[in-house]
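Before this model goes further, I would like to set down some comments on it for a colleague who works with coordinates. They are meant to be read with the structure open.

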Amino acid sequence: MKKIKITALSVLLMGSMMMSCKDQLDIQNPNQPTPASAATESGVVGLAQGAIYINGFTSSGDKYYDGVVGAFYNGVIGFHEMMGDVVAAEAANTYMNNLSAPNSVTLDDGTVVPNPNSPSQQITLLRNVNVNAQQGGNPGFHEWALMYGLNNAANSVLEVVEKTTFSGDAATKKNTIKAWAYLWKGYAYSRIGSIYYAGLVNNASSSTNGNYLAKEKIIDESNANYDKAAALLGAITNTADYSTIMGALIPSYFQTGKGAVPTTAQFIKNLNTLKARNIIVNTPVASMTAAQWNQILTLTNAGVGASDPVFAGNTNTAGDIFSPLNYSVAARSVGANASGGTYKISERLIQDFNTGDKRLANNFNQFAVWVGNSDRGNAFNTRWGIKDGGNGLAGVMVYTNRTAGMAELYMLGSYEENELMKAEAKLYTGDIAGAATSINTVRTYQGAGLAALASTDLATVKEELRKERRVALAFRGLSFYDARRWGVLDSGRKNAVVISKDGKTINTKATITYGYLDYWDVPDNELAYNPAAAGSAPIKNPKQ
């Protein structure tokens, strides 16, 4: 294990990690802009591009190489998808296998298989390793580090842009860059407030403070930044100069498929989808109010549509932003057999596909049963592997394609997520038929080939919505949020498919008791150098 010395994480990543795509943009070192680069249009655009994509999401933003961690979309998102029971891991790097091992599994014959790891509960493990000495070995370190690095990078952009001279419509170009920075600040705060019990608001570069705020306040800060971006975009009238800057901020090889440059109106739609996500993933369904469901309806009705571009990443032949082989959780799940990937496909994900769903046929192959080391997990045995590039069914979505230029990755929201949030809001405001229609729309969009869901029975449509979110949004980092807000973390999952450790018994009525920690404590790697000031919100989740 390679370790690094950690300083206050909220400013740590301002250093050498701010890089850019020099093959696209003529810039100088964007981490330490010289007076010349800070004063030029190309310089500030280079900073705004590289600071976001490199500092926030790749291994250059997290110098801790251990298994898959070190990059956001295959590491941090992988943690979420393991806890959401979409994938699992046998590897012990950064305690990955502990994160995907539930407290216990009760098999069909009544046999109880406890978590074989020591400690035997994930909550205890997370608390035991949340010490500064663990550094990057602490699973809770990485999302905090990367997202505060992203926030700090965006702060730098906002400060530098005020010193820059632009050609053409300077106000439009400046406001486009500022909206870009506020988008990513909003996303960084959203990630922090959606997984940690408390966080920090830092709105100046290379600075921090000890005023820890409750997670709800961090989500408020996320929404405030999304609103700042929307206000700037709504005032832009020079679409040509806006498009010029956005076309330079987004790498050219990202601008394919769904990653095309959005108009200002489409950009705002993406913001609305993200604001709806902030509400839905951070509120238990049992606690949602009618006002919140109506707010989600308002936001999703003005959110990403089927033909709207989204913020999507991709790879080029060099893979200099996201490596084609490793860019996503799905990419790290590819293998020639059920054990071939770093991540193993969960039997519970496969279980959630309806019979005849072409998305299953197009993306997964069934193999001989793989049985992992029984001292590392109690639910990761599987028969399934993901097929790179799909199995060739026309018009059916593909979860991963590791061919350069085809490795499209949803970095923020998507049409499917927006439509399924809309479906859920309809369901809980009495429009059950409307919810079914939205579910059908997503299935048609992804080429599922299923007969239309016609039921208006609440329980039936609710279950189809649960399964559809699992299937349509798999590998996108939303499954853990759903398990948390649906109460699955506490109540467990019944009638689950689990393969016994002998590899011969396929249980179909198993009960999984997860017991995972819903919101993580603030990393000690931060607190050791930036202790909580008087009056701070609690930094530790009281859940035991």
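Predicted model: local features only at pLDDT ≥ 70, side-chain atom pairs only at ≥ 80, totals over all residues.

The numbered points below take up helices, salt bridges, backbone geometry and surface in turn.

1. Helix 10. In helix 10, which runs over residues 239–249, the buried residues are Asp241, Tyr242, Ile245, Met246 and Leu249. These residues lie on the same side of helix 10, because they cover an arc of only 130 degrees around the axis. The packing partners of the buried residues of helix 10 are helix 3 (41–57), helix 8 (170–193), helix 9 (215–234) and helix 11 (264–281).

2. Helix 11. One of those partners, helix 11, is built from 18 residues and spans 26 Å from its first C-alpha to its last, which is close to the 26 Å expected at 1.5 Å a residue.

3. Salt bridges overall, and a pair of sequence neighbours. Over the whole structure a search returns 27 salt bridges, of which a few are picked out here. Lysine 215 and glutamate 216 are joined by a salt bridge between their side chains, with an N to O distance of 3.2 Å. The two partners fall into separate accessibility classes: lysine 215 counts as buried at 14% relative accessibility, whereas glutamate 216, at 45%, counts as partly exposed.

4. A pair within helix 15. Glutamate 419 and lysine 422 also meet through their side chains in a salt bridge, here at 3.3 Å from N to O. Both belong to helix 15 (residues 415–428), and because they are three residues apart there, about one helical turn separates them. Glutamate 419 counts as buried at 8% relative accessibility, and lysine 422 is likewise buried, with a relative accessible area of 13%.

5. A pair between helices. The side chains of arginine 443 and glutamate 468 form a salt bridge with an N to O distance of 2.8 Å. Since arginine 443 lies in helix 16 (residues 432–445) and glutamate 468 in helix 17 (residues 458–472), the pair ties together parts that are 25 residues apart in sequence. Arginine 443 is buried at 5% relative accessibility, and glutamate 468 is buried with a relative accessible area of 2%.

6. A cis peptide bond. Serine 118 and proline 119 are joined by a cis peptide bond, for which omega is about 5 degrees. Proline 119 is placed in the loop between strand 3 (112–114) and helix 6 (122–129).

7. Positive phi angles. Which residues have a positive phi although they are not glycines? Threonine 94 is one of them, with a phi of about 50 degrees; it lies in the loop between strand 1 (87–88) and helix 5 (96–99), and it is buried, with a relative accessible area of 0%. Asparagine 495 is another, with a phi of about 55 degrees; this residue is found in strand 11 (residues 493–499) and is partly exposed, with a relative accessible area of 42%.

8. Alanine 407. This residue sits in the loop between strand 9 (382–386) and strand 10 (409–410), and alanine 407 is buried there, with a relative accessible area of 1%. Leaving aside residues up to four places away in sequence, alanine 407 touches Gly313, Asn314, Thr315, Tyr327 and Asn401. The C-alpha atoms of alanine 407 and alanine 89, which are 318 residues apart along the chain, are separated by 23 Å.

9. Val369, Val371 and Ile506 make a nonpolar surface patch of about 180 Å². Among them, isoleucine 506 is found in strand 12 (residues 506–513), and with a relative accessible area of 33% it is partly exposed.

Terms used:
Residues numbered from 1 in each chain as written. Heavy atoms only, no water. Buried < 20%, exposed > 50% of the residue type's maximum accessible area, 1.4 Å probe, protein only. Helix = DSSP H or I, 4+ residues; strand = E, 2+ residues; numbered from the N terminus. Arc of directions from axis to C-beta. Contact = heavy atoms within 4.5 Å. Expected span 1.5 Å × (residues − 1). Patch = residues over 30% accessible without salt bridge, like charges linked within 9 Å, V, L, I, M, F, W, Y side chains within 5 Å. Areas by Shrake-Rupley, 256 points an atom, 1.4 Å probe, with all protein chains shown as cover. Salt bridge = Lys/Arg side-chain N within 4 Å of Asp/Glu carboxyl O.
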